[in-house]
Amino acid sequence: MADDRGNLTVLGASPSWQNAGEACSSYLVDVPGTRLLIDCGNGAFSELRKHCDYLSVDAIAITHTHGDHMLDLLPMAYALLYSPRALRGESRRPKLFLPPGAADRMRAIFDLIDRAELLDLAYDVVEYDPAEALPLPGLELTFAPVPHFVPTHAISVEAATGGRLVFGADHRPSQRIIDFARGADLLLLEATLMFPEDGVRGHITSVEAAEIAVEAEVDQLVLTHMSDELPRDQLLQQAIAIHANTTLAHPGASYVF
Ligand SMILES: [Zn+2]
Ligand SMILES: [Zn+2]
């Protein structure tokens, strides 16, 4: 029986390049009243179509402008504007929530590939204010800047039932993500690395993800953004040894919160 809780479906769990047969970062969130896409990395639009009608997406929230988190906004824009149904007048202009300052960067990317105006024709573009909660029917979004190579925001989705999902986006280890994730029912964290990087860091390991989950006292941890050329089972087991309720995201996996 369907209930009122939120549902997360993984569309893409690849890192900055695609795993074989898998899309880059993208997650479909359903609560009664709103269908939300978090990130829309390369390959995501095809995966989205396996799970729902793209015209049913109410809103899209982007964590940061790295390609693996937003490149499929372009094919999705083409579908919204030029698909057979769009040409028959069946159209939809979903909200597109972008990080502060990202709208013009996104228009420039669209301009380089096609035309800048496609972005605003296809989407109702809004730059979110990380200091403000953003209410949508059946959920509330909040944002927290996290340290990465470009301006990046973790996103919290709180369902009307009180269930809370936090997606960390991409980030190096930081107290900020621990504080933001505290008490979440479902925590989705990148686990890009096998070992911490040298120099300026921008990502975390599965062990660091599990340590964040323990410190933030979250119920369930899902690891994502991991290459299929890494020993994924081993990295998952290392995380489970620290935070028992941990799984590895894969396309089509779904979780309630
Ligand atoms: Zn990424
Ligand atoms: Zn990134």
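## Strands that pair

Two strands count as paired if DSSP finds at least two bridges between them. Keep that in mind as you explore this predicted model.

Let's start with strand E1 (residues 7–12). Five bridges join E1 to strand E2, and the two run antiparallel. One pairing to look for is Leu8, whose bridge partner in E2 is Val29.

E2 also pairs with strand E3 (residues 34–38), again through five bridges and in an antiparallel arrangement. Here Leu28 has Leu37 in E3 as its bridge partner. E2 and E3 form a hairpin with two residues between the strands, and in this hairpin Gly33 takes a positive phi near 110°.

## Inside strand E2

Is E2 buried or exposed? Six of the six residues of this strand (residues 26–31) are buried, so E2 is largely enclosed by the rest of the structure.

## Two packed helices

Now for a pair of helices. Two packed helices are described by the angle between their axes and the distance between those axes. Helix H8 (residues 206–215) and helix H9 (residues 232–240) pack at an angle of about 25°, with their axes 8 Å apart. Angles under 35 degrees count as roughly parallel, so H8 is roughly parallel to H9. The crossing of H8 past H9 is right-handed.

Which residues meet here? From H8 come Ser206, Val207, Ala209 and Ala210, and from H9 come Leu235, Leu236, Gln238 and Ala239. By class, this contact of H8 with H9 has six nonpolar residues, two polar ones and no charged ones.

Methods. Residues are numbered from 1 along each chain as its sequence is written. Chains are lettered from A and ligands numbered from 1 in the order in which they are written. This is a predicted model: local features need pLDDT of at least 70, side-chain atom pairs count only at pLDDT 80 or more; totals for chains, interfaces and linings use all residues. A residue is buried if 20 or more other C-beta atoms lie within 10 Å of its own, exposed if 12 or fewer, and partly exposed in between; C-beta atoms are placed from the backbone. Helices (H or I, at least four residues) and strands (E, at least two) are DSSP runs, numbered from the N terminus. Axes are lines fitted to C-alpha atoms, for helices over the stretch in contact, and angles run from 0 to 180 degrees between N-to-C directions. Angles under 35 degrees count as roughly parallel, over 145 as roughly antiparallel, 65 to 115 as roughly perpendicular and the rest as oblique. A crossing is left-handed if the near helix is turned anticlockwise from the far one by less than a right angle, and right-handed if clockwise. Two residues are in contact if their C-beta atoms, placed from the backbone, lie within 7 Å. Ala, Val, Leu, Ile, Met, Phe, Trp, Tyr, Cys and Pro count as nonpolar, Asp, Glu, Lys and Arg as charged, and the others, Gly among them, as polar.
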